Amino acid sequence: MADFKNLLKMGVCSVAVFAVAGLSGVSHAEPLPQDEGAAAETTETSETYVWDLTDLYESPEAWDDEFTAMQAQVATLSELQGTLGESPQSLAHAMRSMSDTAKEVIRLYVYSSLSRDEDQRVPENLERFGRAMSLYQAFSEAISWLSPEILSIGEERIREFMAAEPALEPFHFQLEDTLRQAPHTLDEDGEALLALAGLALSQPNEIYSLFANASIQWPMVTLSDGTEVRLNQAAYSRYRSHPNREDRQLVFDTFWGAWNDYEAGMGATLNSQVLSSVFRARARNFDSVLERNMFDDALPPEIYTELVDQVNAALPVFHRYLELRGRMLGVDDLRYYDIYPPIIEADTGVFDLARSEEITFESLRPFGEEYLSLLREGLDGDWMHSHPQEGKETGAYMSGSAYDVHPYVLLNHNDDFNSLSTFSHEWGHAVHTQLARQNQPFETAGYSTFIAEMASTINEILLQEYMIENAETREEKLFYLGQALESLRGTFFRQTMFGEFELAIHEAAEAGEPLTGARFSEIYLDLLRRYHGEEQGVMTIDEPYGIEWAYIPHFYYEFYVYQYATSISGAVWFAEQFLAGDDQVRENFLNVMRAGGSDYPHQILLNEAGLDMTQPDPYEAVVRRMNDIMDRMDALLAEED
């Protein structure tokens, strides 16, 4: 979900040749579904980890030197134009030159992005990031002729070249993908124009990030115990689960009231993102933004429609959970501000970094020694920026796109169970990156988001089962079972709801409907109420909470969110067999991670594991897990009676 992934979708079809070379997977960065957009809050702790960026460049001055060298290198790429069809060797030389340049441009970007995310208030960090983005823009423009020229050579001759020249082997998949994209590739002038527009079309996300993280004046609230809180995003994330119901309502009303003050401006920002997406889709002769996004990874459209159909069919199961939540909280009239507090209190202790590392390692032992050795290497290195601080980027992510350097992990660790779960999730991405690099060259090491989130989400499931199994008290076991339900709520149901919202607003724009902040709130509120069963009397959603769409950064990464839901579905499908002791399923899953981006994600899943995401099986596995967890909870609750 990172910036380069979005850049790729701006219309630079020729860059698709390098999409699997790391650009498409740059940073797999996401604030996790359970904690969308939670901003950093300064935390004082003796156990703070700060990553070592000198593994990328020894100093900002070294970055400057490499930036200057790459500026010059990018400027030479246009000289390759017109040479691709001369011979297999000429094509191989051009592809190698562009790939090597892309690898270094990505490395420059990663350093600038990570240094910026440490503290977005530092002008030098913002300036360096802007320079890196501009360099990528220049790179895009310098190779904008690439796909048209490959297509002009013709499919038959390109395949003859691939058969004749071993040096083209790392580029086979990218070349085949370029041939596949022929109907949506423009001529040389058209590609150059779209490349030129790329940086301008990327700005809505930047505007949102700076606005949400650095510009909103957050209000103060006084809780029932006298605690005064500045209700920024991190504080909202913390206090929305307060055990005192009146405090939760105060937090919700105040926080969403602050966002409602910016409804019009945030609406204009999101509308500009939607219009940019529509422009890019139409410029490439797609009927819709959804079609373009599914086409990028050759994903069957049935995956999206099957997910939405299955989740809507499973809403009664979700409502069963909400009713269980209300019963355990002792709340008859369940409200939206009742959705975050733990449904049972338990003394689980503090999940500081040391404990989080230990538990994560133990819970992932079923993966075997190869996986654990890679995890240990990462945990022992300076790969992580662990705790919140002023100006730091929100949420959590893994940045794994600098091919010759280890992955980096950004966290905002708060020493609670959600922080432990996030820790396990992001290190799943990191080990996935390591496995892909060990088995793939740069050109096919970068993997699709569609697979990436399975590798992290399965870690959360293994963690949940480990904590449930090792719980020392009935209350603790109920707590972890409840957390497992929350994971399914936040990832399967909530992310699909986000996906429906995203589809609705893009379809509205494609139909010519004007989109404003008020209209976004109306669409979002309708979905909130339907998903949470307001009509069935399950939960009441107050109108001011319809502004929640403005808080979600995922909507600036078009059609990304539904992949959380497909990923947890695939992960549950794997875990169901994995936890039953099927060693072959474990090996199949490791093979999926080792494959990187060497094929289209759905084909990798089919070929390596026999998983078909167009069928009901993985989604039904989620429903089975959810009902099984609630059955276990009901049994434990019955022991009390």
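Is Ile461 buried or exposed? Keep that question in mind as we walk through this structure, which is a predicted model. Ile461 sits in helix H20, which spans residues 449-469. Its relative accessible area is 3%, and buried means under 20%, so Ile461 counts as buried.

Who are the neighbours of Ile461? Leaving out residues up to four places away in sequence, Ile461 touches Ala571, Val572, Ala575 and Arg625. Take Ala571 as an example: it is 110 residues away from Ile461 along the chain, yet the C-alpha atoms of the two are separated by 8.0 Å.

Now look at Phe574. Setting aside its neighbours within four places in sequence, Phe574 is in contact with Met454, Ile458, Val585, Phe589, Leu605, Ala609 and Leu611. Phe574 also has a part in the largest nonpolar core, which has 154 residues. Within this core, Trp259, Phe367, Phe501, Trp549 and Phe574 touch the most other members. Helix H21, residues 474-510, supplies the largest share of the core, with 15 residues. Another core lies apart from this one; it has 51 residues, including Leu91, Ile158, Leu175 and Val405.

Ile158 leads us to helix H6, which covers residues 155-164 and has Ile158, Phe161 and Met162 as its buried residues. Why are these three on the same side of H6? They cover an arc of only 100° around the axis, and this places them together on one side. The face turned away from that buried side carries the exposed residues Glu156, Ala163 and Ala164. Among the elements that cover the buried residues of H6 are H3, helix H5 (146-153) and helix H7 (172-180).

Strands of a sheet pair through backbone hydrogen bonds, either parallel or antiparallel. Here, three strands form an open sheet in the order E3-E5-E4, and the pairing is mixed. Strand E3 (384-385) and strand E4 (397-399) each have a single partner strand, so each stands at an edge with one side left without a neighbour in the sheet. E3 and strand E5 (residues 408-410) run parallel and are joined by two bridges, and Met384 stands opposite Val409 in E5.

Which helices meet this sheet? Helix H3, residues 88-118, packs on it and touches E3, E4 and E5, with a direction that makes about 150° with that of E4. Helix H18, residues 417-439, lies across E3, E4 and E5 and runs at about 20° to E4.

Technical notes
Residues are numbered from 1 along each chain as its sequence is written. This is a predicted model: local features need pLDDT of at least 70, side-chain atom pairs count only at pLDDT 80 or more; totals for chains, interfaces and linings use all residues. Side-chain values use heavy atoms; hydrogens and water are left out. A nonpolar core is a set of buried Ala, Val, Leu, Ile, Met, Phe, Trp, Tyr and Cys residues joined through side-chain atoms within 4.5 Å. Buried means under 20% relative accessible area, exposed over 50%, partly exposed in between (1.4 Å probe, protein chains only). Helices (H or I, at least four residues) and strands (E, at least two) are DSSP runs, numbered from the N terminus. Contact means heavy atoms within 4.5 Å. Two strands pair if DSSP finds at least two bridges between them. Axes are lines fitted to C-alpha atoms, for helices over the stretch in contact, and angles run from 0 to 180 degrees between N-to-C directions. The arc is that of the directions from the helix axis to the C-beta atoms.
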